[in-house]
Amino acid sequence: MLYLDNSATTKPYPDVLDTYRQVAEKFFGNPSSLHHLGVQAERLLTKAREQVADLLGVSGQEIIFTSGATEGNNLAIKGAAFAQRHKGKHLITTVIEHPSVSEAFEQLEKEFGFEVTWIPVNENGIVSPTDIQKAVRNDTILVSVMHVNNEIGAIQPIEEIGEILKNYPNIVYHVDHVQGVGKVPLNIKKAGIDLCTISGHKFHALNGTGVLYIRKNTPILTLLSGGGQEASIRSGTENLAGNVSLAKGLRLAFNDYEEKIDRLINTKNYLINELEKIDGIIINTPKESSAPHIINFSVPGIKAEVLVHMLEEENIYVSTTSACSSRKKGESKVLKSMGKKSSITESAIRISLSIGQTIDDVKPLIDVLPSSIQKLKNIMGL
């Protein structure tokens, strides 16, 4: 099997699974309980929080454990918007955000009376910091920009945007770092980020685990009321085993980082070079300012989902758009926003690599892709 859908989810590391199992078996107490089992669990949770904070270069008091990117993005966006609504109701984001971001903004706009400015991107899928600065108004209270686009891998100028927003103390700056963590460096403090989302299953930890960084003194309204866990920001009994295993996965993601990234870049470059040789393929991922693990290409005239299933017959797994959108038939919103024609947006395929995959690992794709495309063209009379 050749699995190339790692931007949707990654296979958990064996050490992550071992950590989860050990914690679930030995430290099953509720961290809020006063007895010894509860105290043990609470200490372990605190240790995991500090480990995550150290890896991200922030304080443990600024780390909130969540169930993943969707919860983290919704908590950040809605929580910040509601907390600041007395200062204004103008929000800024981009047209290429993940659905957990874009749909949160749409809900705030349609149901709660906020006004959203949607910033466009250029032909490479990259937003202009100047465009964001021009959109800022006196009543702007929140700006949200993803770090790495989940469909094409375009890296956004997060630090440049953060430098601009430092001049606007009423604006909370949120970054969806889900596709970047462990693959594209981001200095959260230097970039002036107030809220930052990561998700465990994108770096070989487990589904249902995540982190929201909340800079100290950042205004945010809780969405989940209850027992007051996670500094009263995210109530609910903590997923101790999941959180501890997330910390383990994050540490493994950062271990030997330079060596792993160099290998990943070599694999990506090999794939792009080979894909460009195949008749009919158009590469959509920008060659500059793109993440080392994502390649997006189109085969005009062939529906993306048809090619996905044909490759699946060869035991090769790729995807179309993001996993959250892939079951919704139609064109890629991201590619459309880049000005691509419908023949491109409706035939887009995403390859997303694992941190450990080598050139030899991915050669089977290049071996079968030309014949698969030709077979489909013959069937369709192209």
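Predicted model: local features only at pLDDT ≥ 70, side-chain atom pairs only at ≥ 80, totals over all residues.

Biologist: Which residue in E10 is the bridge partner of Ile-283?

Modeller: Phe-297.

Biologist: What packs on that sheet?

Modeller: Helix H8 (residues 257-276) does, touching E9, E10 and E12. The direction of H8 makes about 10° with that of E10.

Biologist: And in what order do the strands of this open sheet run?

Modeller: E9-E10-E12, with antiparallel pairing.

Biologist: OK, next sheet. How many strands form the one that includes E7?

Modeller: 7 strands, again an open sheet. The order is E2-E8-E7-E6-E5-E3-E4, and the pairing is mixed.

Biologist: Which strands are at the edges there?

Modeller: E2 (63-66) and E4 (115-119). Each of them pairs on one side only.

Biologist: How much are neighbouring strands turned against each other?

Modeller: By 20° on average, ignoring direction.

Biologist: Zoom in on E7 and E8. In which sense do they pair, parallel or antiparallel?

Modeller: Antiparallel, over 5 bridges. E7 covers residues 195-199 and E8 covers residues 210-214. Within that pair, Leu-195 stands opposite Ile-214 of E8.

Biologist: Which strands does H2 lie across?

Modeller: Helix H2 (residues 36-56) lies across E2, E7 and E8. H2 runs at about 115° to E2. Helix H4 (residues 99-112) also packs on the sheet. H4 touches E3 (90-94), E4, E5 (140-146) and E6 (172-176). Its direction makes about 145° with that of E4.

Biologist: Switching to helix pairs. At what angle do H2 and H7 pack?

Modeller: About 30°, with their axes 9 Å apart. H7 spans residues 240-254. That angle makes H2 roughly parallel to H7.

Biologist: Is the crossing left-handed or right-handed?

Modeller: H2 passes H7 in a left-handed crossing.

Biologist: Which residues meet there?

Modeller: From H2, you get Ala-41, Leu-44, Leu-45, Ala-48, Gln-51, Val-52, Leu-55 and Leu-56. On the H7 side are Leu-240, Asn-243, Val-244, Leu-246, Ala-247, Leu-250, Arg-251 and Phe-254. The contact of H2 with H7 divides into 13 nonpolar, 2 polar and 1 charged.

Biologist: And H1 with H7? How do they cross?

Modeller: At roughly 155°, with the axes coming within 8 Å. H1 is residues 14-26. H1 and H7 are therefore roughly antiparallel to each other. This crossing of H1 and H7 is right-handed.

Biologist: What residues make that contact?

Modeller: H1 brings Asp-15, Val-16, Thr-19, Tyr-20, Val-23 and Ala-24. Those from H7 include Leu-240, Val-244, Lys-248 and Leu-252. By class, the H1 contact with H7 has 8 nonpolar, 4 polar and 2 charged residues.

Biologist: Now charges. How many salt bridges does the structure hold?

Modeller: 15 salt bridges. One of them joins Arg-137 and Glu-115. Their closest N and O atoms are 3.0 Å apart.

Biologist: Where do those two residues lie?

Modeller: Arg-137 is in the loop between helix H5 (129-135) and E5, while Glu-115 is in strand E4. So the pair ties together parts that are 22 residues apart in sequence.

Terms used
Residues numbered from 1 in each chain as written. Heavy atoms only, no water. Pairing = 2+ DSSP bridges. Helix = DSSP H or I, 4+ residues; strand = E, 2+ residues; numbered from the N terminus. Axes fitted to C-alpha atoms, helices over the stretch in contact; angles between N-to-C directions. Contact = heavy atoms within 4.5 Å. Parallel < 35°, antiparallel > 145°, perpendicular 65-115°, else oblique. Left-handed = near helix turned anticlockwise from the far one by under 90°. Nonpolar A, V, L, I, M, F, W, Y, C, P; charged D, E, K, R; others polar. Salt bridge = Lys/Arg side-chain N within 4 Å of Asp/Glu carboxyl O.
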